[in-house]
Amino acid sequence: MYSDFSNIELAELIDITKYKRLSVETAEALRYTKSLVDKADTIHYCGSLLSFDSKGNLVSANFCRERFCPMCQRRKALRTYGEICRLWEVMQAEYSFVHLVLTIKNVNGRELPDTINHLFKCSSKMFKIPRFKQGVKGVLRCLEVSYNADNNTYHPHLHCLCAVRKSYFTSRYYLKHEELREMWAMSIKADYAPQISVKKCDDGAIAEVAKYCVKPLALDLPTDGRARVLDVLNFALKGRRMLQSYGVVRETARALKIDFDGDCEDIPNDGAKSYFCYDYAQNLYTEC
């Protein structure tokens, strides 16, 4: 069935199949939600038709572009990953990057929207501290929310790719872990010592960090539990910008005409040679 495809191209189809199966599972969970029932069919049929050119490149598909669709999250993640790598390639001659993770205590679902607001406000405040600005010249801030099924809490946190001068690590502007931690505690007005992580990104790690910041949502939960979590996340994340840029990162992104909030462009329906339909009974794509 896939004899005309190379191993790399076949791997692409297999990867799409994995996310298509997750989309079907997500659609089933949406039927039990309070706020996303109307999205269930849209996500269920997302990516049910695919076409490839003679080289195995995807040239047409019926994607839905919904935020909680694993198929479209995957596509958005790949696009954002490419844009971050392009940004880094332009900036690496003058800047190095540091991966800074800012965390806060886990909260329940009712507290999540206000906690995310607090995270955004306080991180923006931290980025304006003179001592921070002396060392860090730009930031790409990425929001991630994970779920802890053991105690039914949510963990919103920020992955920050920080652009620093090449001389930063040996200069007087270098920010040690404990200093950054104190800045963060002061910014969120914490009565506890919040956890942070800070690591230098070498040439290979920057790509991994970029992918990690935009990884698709994964919920290893039964249908009813997934529905409950999706309702909470929908209420907390609706209309939010998941990635924001500051300083030289924003300036470079604008110069390169990178829009982290933009939707993926439609795939041009050119040169289609092979067509695949998703067989919902077998949970795989078959040539049609």
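A disulfide is a pair of cysteine sulfur atoms within 2.5 Å. This structure is a predicted model, in which local features need pLDDT of at least 70 and side-chain atom pairs count only at pLDDT 80 or more, while totals for chains, interfaces and linings use all residues. Residues are numbered from 1 along each chain as its sequence is written, and side-chain values use heavy atoms, with hydrogens and water left out.

**Cysteines**
- The count by this rule is one disulfide, formed by C277 and C288 with their sulfur atoms 2.3 Å apart.
- C277 lies in strand β8 (residues 274-279) and C288 in the segment after β9 (284-287), eleven residues apart; strands are DSSP runs of E of at least two residues, and helices are runs of H or I of at least four, numbered from the N terminus.
- The link of C277 and C288 is right-handed, with 85° about the S-S bond.
- The sulfur of C72 is too far for a bond with its closest cysteine sulfur, in C46, because the distance is 3.7 Å.

**Exposure of the cysteines**
- Buried means under 20% relative accessible area, exposed over 50%, and partly exposed in between (1.4 Å probe, protein chains only).
- C277 is partly exposed at 23%, whereas C288 is exposed at 54%.
- C72 is buried at 9%, and C85 is buried at 14%.

**Helix α8**
- Eleven of the 15 residues of α8 are buried, including G225, R226 and L237.
- After α8 comes G239, which has a positive phi near 80°.
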